[in-house]
Each structure stands twice: as structure tokens, then as C-alpha cells.
Amino acid sequence: MQILKPIRQRFRQALEQLLDDPALVESSLERIVPSRDPTLADYQANIAMPLQKVLGKPPLQIAQSVVDKLDLSDICQSVSIAGAGYINLRLSPSWLADQLQLAHADDRLGVTQVEAPKTIIIDYSSPNVAKPMHVGHIRSTVIGAAIAQVLRFLGHKVITDNHLGDWGTQFGMIIYGYKNFCDPEAYKKHPVAELSRLYRKVQAISGYQEALGQNSKLEQAIEFAKKRVEQVQTKLAAAPADKKIAKELAAAERQVATAIEELQGNHKKIEEAQKDAVLMAESKAHPAIYERVLAETAALHHGDVANLKLWSEFLPNCRQEIDTIYRRLNVHFDHWYGESFYHEMLGAVVEDLFAKNLAVQSDGALCVFLDGFDSPMIVRKQDGAYLYATTDIATAMFREREFSPDVCLYVVDHRQSDHFKKLFAVLEKIGLGHTDFRHISFGTVMGTDGKPFKTRSGSTVGLESMLDEAVARAMEVVCNPERLTGVGIQMDQPEREQIAQTVGLGAIKYADLAHNRTSDYVFDMDKMVRLEGNTSAYIQYSYARIRSILRKAEEKGHEPSEWSEASLNLTEPSEMALALHLVRFEEMLHQSMQEYTPNLITEYLYELAKLFSSFYDQCSVLSASNATEVRSRLKLSSVVAKTLKVGLELLGIGVVERM
């Protein structure tokens, strides 16, 4: 069910009679878009003005030539020329009705599958399994899952991979912690909780020791920055009117302020740690703990029997813990190829890079130097250890052998942008340039204080506790007895719990997806579960409201078979507005996947819910003037409900029959 495709095809036939250049025809077709002012037109073609130099004619004359050759009689109610040559299109109510008939009869709402499907790998979520998932994982998980579902719905072959962090330094921390700090009884009762405690303990000791070593470096940075200020001040004294030098001075002064702030923060971190007597004793008993952690990690990577045994024991428990979160979120993966899977391949990857003269020795490390980058990509350190970059190269090579992807998407936060730019440059050098590698970056989850979302103690918010809170808040807002009594609904406890789960978890997902993925967004639980505004709860309520209308229709004797077979009569402006928005569903899905921005889907669904509300306020459904009108509006309402449901499900969000 597409609008632009058939319209552009008709314009193509007309333009090919006027233009010899196929590229010019294609660029002209891109200028046929939905009208910004629905009072003037449904669609508008601004093709005449850009062609006036090519054809040597006034825009109005060009527009008239196009319209004269254009046949849209079956699609458009009117085709007119306005202004300086705009071609305005008003769609026919009967054509819109025909499209909605198709949508009503089809589980896919008439959405066609792409003619040339691509093989697309989506790498997303990818937590470090040695520690609990936290709020920072929600964006990659939710965005990646939504993109995967939409691309599959459009007909592409999608392969999802959860590239787990199951082999790195975090396991060295846990192994060291287990050997030195483990509480056997606690580990026996709750292994993952105890492993998480051990990880945090080793990380805290390491962080304190690192902070101690940072003081002198930060003091040196301040002295260097101050000398830079003095140098620029001398330059400015010689040329006081030079604005460029003045800006340089301001930047140097900011650098001093930043360095001082970092030193103060480091002092504060040390002071806070020193208040913890246990931490101080443990730090004294375990000097240079990070080096010891690296030694445990290296032993694991070199096949140490004891460390491999511990890793093999820890990993299933950790996997089970994160899989519990995925089950709650209804997120699934085709593959779980973690870093450990690629470990045996890394040596061959480095040898291949070296043999092709892509990697060279530099200060004992093996590096790939790339044009346009200040620093190289290190693929093997001085001590022989490999890095994430090495694993990512091996991963791309494995995926090429196994899946031959056309596109590979990495749904990873924006802080890794530089890494992926280097990675993609290296992959092109080794012959993988035929794959479209994309970094699907996203911003940070912020608290209402404008800072990265943390608990009151300053630690990262655990994902499971956040999901629990969302469900509890949904129970308070949506399923509280006072509200249910007010709307005349009686529910038993199991139904209330099921609705709270669906609404609460949907609120978390929708709040994330409703923002452009490249932006930071503020995590505000109170706003997320509201029944008004751009929230999943509002859209879920709209769906439940329509389902209630359809149930009441059946109670009044209007059988579903009657309105299913009825014709759609779109006579009122609110009916037309609703119908036009409905038939744009497929168009919107394709648009959302051009730059992989699921927020376009949330915007569409929110607008659809609002349009239905306006329609319902202005057009009586069950009390319409005649039976034909009742059946038509019931059918229109059912298409709206179906579209809301399919749209939410593509985002990984469920619906409920009553709210």
C-alpha cells in the first residue's frame, strides 16, 4: 500500500517525454512529497522551477506541460497548478477507500515486501556479561531490535548478533576477585550477585589506585596549559586586535580551567575512597591490582587451565542473568557470538594484515596507519595482547565468510564513533568495501538533572530494577482501582498485572525510541507512563479504546462480518485526514529505515492516535445516521486499531484489550 510509488511512476512517464537525461528525471521525482499545508494539497510536486534553465521555459508553462501528459485520474480527485509552478495533488476518496479495503483484509496492512531484499547484519546490545545490564544498555537493545523488526517486515533478510563481551578485562577482574575476595556461601546461593560484587570491589580498588597515580599527571597538564596561556598572551600583546589569537587565548584558558577541574575531581574521588577503611585496607593488601588483573586476563587468553575452568563456570550463570532481561523485553537474537568465539582467529588476522603491509611495527606494537586519522589503529600491543579493534576485524571477516552481508549495522553509542571510522577504513583496505558498514550511533540517557542517569549514590542504574519500577508505576497510573472504577472497568489481579507489564515495559522502550537516536534524552519515569502526550500508554489506550468500541458494536448487533464486507465511505474531513494518514504507513516505514530512525514510527503512531481522537469526537460511530455509515466507520476504526497494533509491535511494544 504505497502512495508515492504509483504517483512518481505516472510523473516519470510524463517527464520522460520532456527530458532526455534519466538522472534529471530521477532528481525531479524526488521533489514530489507530502504537502506541508494539507489545506492546499495532499501531495505537491515542485519540479517546474528547477527545470526552467534546462528547458528554457517559464515554470508555469513547464508545469502545464507535465500536467497535460499526466494521468492520475484513478488516484487523484484533482491535479492543479499553483503559485510559481507547484503541481498540487488531492487524492481521491474512492482511491483511499480502496487502499484501506486492502489494508483491512491483510495482516500486513497491504505493506509490500521490497523487490530487491538485502542481507543485513545488525550488531546490537552487546553487554559485558561479567556484570549486570544497566540503563546504558537499553538504547542499543531497543533501537537495534526495532530496526531489525522493521527491516524484516519490509522483506529484508536480517541476521541479528549479540556480540557479547565475554572475554575481556572484566573477566580478569572477576577471576582475581573470586580468587581473593569471594564469599563461598554467597556465591553458592546467588552466583551472579556475588560475581557482580567481586567485579565492583576490584574495580573500586583499581579506580582508587589509578586516581592516586593521576595526580602528578594532572598537575603536569595544568602547568603545561598555563605555559600555553602565557605564550598566547605574549602573541596577543604583540597583536591586540587579532581576533584569531584572542580566540586561541580563550581556548587555552578553558584548557587550564578544565585541567584544574579534573584535578579537583580526582582529589575528591581519592578523599571519598579514603573514608572507606575496608577499601583502604584492601588496596594496601593488593597493590597494583590492575596489573594483577591484566595478568589473570592474559593467563585466561593463553589457555591457563584454572582460569579457563573458572571462566567456563562463570559464563553460563552470567548468560542466564542477561537472558532473563531479554526475555522480559521480548528481545531475541539469531546469534550470540561473543569475543571469546573469535579469540583463536586473532593471530591469523594480524598475520594477514602484516603480510599485506597494512599493519606495521610501531614502538613494539603492531598498528594500521590510516589517512585522515591522527592516531593509528592498534591491532596488537607490545605485550602481544589483542584489542577490541582486532576482534572487530575478525568479526567482520567471519561475517563475510558466513553471511556475505550487503549491509552491516553496529548499534553502539556515539562515544565509539572514532573507533568505527577507523574500523570501516581498515575493512575497506582488506577488501570488504562492497559491504555498507554503518555505525548506528545514539546519545546518552540523561537524568532530570541534565547529567548521565545515575542512582542517588552515583552508580549506574541497573536495568532490571528500572524495568521493575516502570511496571510498578504503570500499575499505579493505569491499573489503580480508583481509575478503573471511574472508567467502569472491573479487572482481576492477573489482568491488572499483565496490563502493567505491557504498559510499563512499553513505556521504557517507547520513551527511548521516540527521540532521534543521535540525541541525548532525559529519563523521566513520571512522563513515560502518562496516559496523555507522546507516550506508548497513550497509543495503547487509543488501541484499547477502539477495541472497546468494536466490542460495544457487537453487543448492539453489528457483526464483524458486516463491517468487514462493508464499503468505506469517506465523506467527512476528519475521515479523509485519518484515511490519508493510514495509507502512508508503508511510505513512513521505508522513510524510517533510510537513516535507521525509529522515532519516525513513534511520530506516525502518535499522530494516528490523535487523528482518531479527532475523528471520534467529530463523527459518531455507533450512533451514525444510518447503518451504512455505522459499518463504514467501524471498518475505518478497525483499520486504525490494526495499524496501531502492528506499528507498536514493530517497535517491540505490546497492546492490551482494555485500559
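Reply: Happy to! Let's begin with a charge and a ring: in this predicted model, Arg-108 places its charged end over the ring of Phe-153, at 4.3 Å from the ring's centre. Lys-201 also lies over a ring face, that of Phe-181, and here the distance to the ring centre is 5.7 Å.

Now for rings beside rings. Searching the whole structure turns up 23 aromatic pairs. One of them joins Tyr-178 and Tyr-187 in an edge-to-face arrangement, with 5.4 Å from centre to centre and 70° between the planes. That pair counts as edge-to-face because its planes are over 60 degrees apart. How exposed are its two members? Tyr-178 is partly exposed, with a relative accessible area of 24%, while Tyr-187 has a relative accessible area of 11% and is buried, because buried means under 20%.

Tyr-410 and Phe-424 make a tilted pair, with centres 5.7 Å apart and planes at 45°. Where do these two residues lie? Tyr-410 belongs to strand β10 (residues 407–410) and Phe-424 to helix α17 (residues 417–429), so their pairing ties together parts that are 14 residues apart in sequence. Tyr-410 and Phe-424 are both buried.

Finally, look for a group of rings: Tyr-337, Phe-341, Tyr-342, Phe-398 and Phe-403 together form one aromatic cluster.

Methods: Residues numbered from 1 in each chain as written. Predicted model: local features only at pLDDT ≥ 70, side-chain atom pairs only at ≥ 80, totals over all residues. Heavy atoms only, no water. Phe/Tyr/Trp six-rings, centres within 6.5 Å; stacked < 30°, edge-to-face > 60°. Buried < 20%, exposed > 50% of the residue type's maximum accessible area, 1.4 Å probe, protein only. Helix = DSSP H or I, 4+ residues; strand = E, 2+ residues; numbered from the N terminus. Lys NZ or Arg CZ within 6 Å of the ring centre and 35° of its normal.
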